[in-house]
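Here is a quick tour of a protein model, starting with its pockets and ending with its charged pairs. Keep the 3D view open and follow along.

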Amino acid sequence: RAHSASRQRPISITVAKNRSYAVLHNINTLRTSRKQNCSPSSVSSSSSLSASISSRVVRMATTTASAGEKNVAAGENNGSKHDEEKDEDGGMRANFIKTIVKRDLESGKHESIMTRFPPEPNGYLHLGHAKSICLNFGLAREFDGRTNLRFDDTNPETEDDEYVRAITRDVHWLVGEKSLQGDVPWVAVTHSSDWFEQMYALAEVLIKQGDAYVDETPAEELKKMRGTLTEPGIESAYRNRPVEESLDLFRRMRAGEFEDGEMVLRAKIDMSSSNMNMRDPPLYR
């Protein structure tokens, strides 16, 4: 059921990308096993089926989170000790995300975990989505947590209800205890747009604090001013514009007074940061 964003065109697999290939291999294994387990002669109880599928989802998440590399097609293994080790509780192979979750639960910092699978509904599911499904649903199942299916609906020009329906059905099919016949595996379906008003309010807070500003530098110039991995970026002439002016322009941006891309709200962080993502990234366009 995995497809690229170009509708029904099948994914092409490059064997050199070992982890992606391994995920596809595991999904195919799960699909075959699910057909066998869901036949009338093989299903003994919903609880045993649930345990079986849960175990497979955790094993799939093992492949995505492990630091070891495998070449599934050639049947090769690099011999990494980490590849062979299993966590002592019999669950997902140790990885930094699981380590943090486990530590926080054991220390009492948090009493439970809540994960989310956040696809953007602008295409069908692909291997990258499969990795996220395995990790988020797998961790939640292993630590008795919960998972939300959260659609990242921030770009309506590329999104379609067809993709929403396809993604919903595919996640239910892959992770549900009884495939499509059982309950959905998520707690709720949410959307990024549910938080638009709060995100806008927080943007105004950043402007009032002096931590964000409205920049009207043309897009091509902004790209050049960003710098490179070895050279720092150049500060915009609008970086220190008065708070009241940025706030007024931002509100007018929301009212649609400017052409698309004419203004951009940027976080004021550090144009000389070695991490280029910290060089005053755009927050709103």
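This is a predicted model: local features need pLDDT of at least 70, side-chain atom pairs count only at pLDDT 80 or more; totals for chains, interfaces and linings use all residues.

Let's start with what a pocket is: on a 1 Å grid over the protein atoms alone, a pocket is an open set of points where a 1.4 Å probe fits, with protein on both sides within 12 Å along at least five of seven lines, and its lining residues have an atom within 4 Å of a point. Grid points are joined across faces, edges and corners, and a volume is the space filled by probe spheres set on the points.

Residues are numbered from 1 along each chain as its sequence is written, and side-chain values use heavy atoms, with hydrogens and water left out.

**The largest pocket**

- Its lining is made of 20 residues, and Thr154, Phe196, Met253, Tyr284 and Arg285 are the ones nearest the centre.
- Helices (H or I, at least four residues) and strands (E, at least two) are DSSP runs, numbered from the N terminus; α7 and α9 (243-254) each bring at least two residues to this lining.
- The top contributor is α7, with four residues.
- Sorted by class, the lining has nine nonpolar, five polar and six charged residues (Ala, Val, Leu, Ile, Met, Phe, Trp, Tyr, Cys and Pro count as nonpolar, Asp, Glu, Lys and Arg as charged, and the others, Gly among them, as polar).

**The second largest pocket**

- This one has a volume of about 390 Å³.
- It is lined by 18 residues, with Ala219, Leu222, Lys223, Pro282 and Arg285 closest to its centre.
- Two or more lining residues come from each of α8 (219-225) and β8 (264-267), and α8 gives the most, with three.
- The class count is eight nonpolar, three polar and seven charged residues.

**A nonpolar patch**

- Look for Trp195, Phe196 and Met199 on the surface: they form a nonpolar patch with about 300 Å² of accessible area together.
- Patches are made of residues with over 30% relative accessible area and no salt bridge; like charges are joined within 9 Å, nonpolar side chains (Val, Leu, Ile, Met, Phe, Trp, Tyr) within 5 Å.
- The areas come from the Shrake-Rupley method with a 1.4 Å probe, and for residues only the protein chains shown count as cover.
- Trp195 sits in the loop between β6 (189-191) and α7 (196-209).
- Its relative accessibility is 48%, so Trp195 counts as partly exposed (buried means under 20% relative accessible area, exposed over 50%, partly exposed in between, with a 1.4 Å probe and protein chains only).

**Salt bridges**

- Side chains of opposite charge can pair when their charged atoms come close.
- A salt bridge is a side-chain nitrogen of Lys or Arg within 4 Å of a carboxyl oxygen of Asp or Glu, and the structure holds twelve of them.
- One joins Arg241 to Glu216, with the closest N and O atoms 2.9 Å apart.
- That pair links distant parts of the chain, 25 residues apart: Arg241 is in the loop between α8 and α9, and Glu216 in the loop between β7 (212-215) and α8.
- Arg241 is buried, at 12% relative accessible area, whereas Glu216 is partly exposed, at 28%.
- Glu216, Arg241 and Glu245 are linked in a network of salt bridges.
- Glu220 and Lys223 also pair up (3.9 Å, N to O), and both are exposed.
- Glu220 and Lys223 are three residues apart in helix α8, so about one helical turn separates them.
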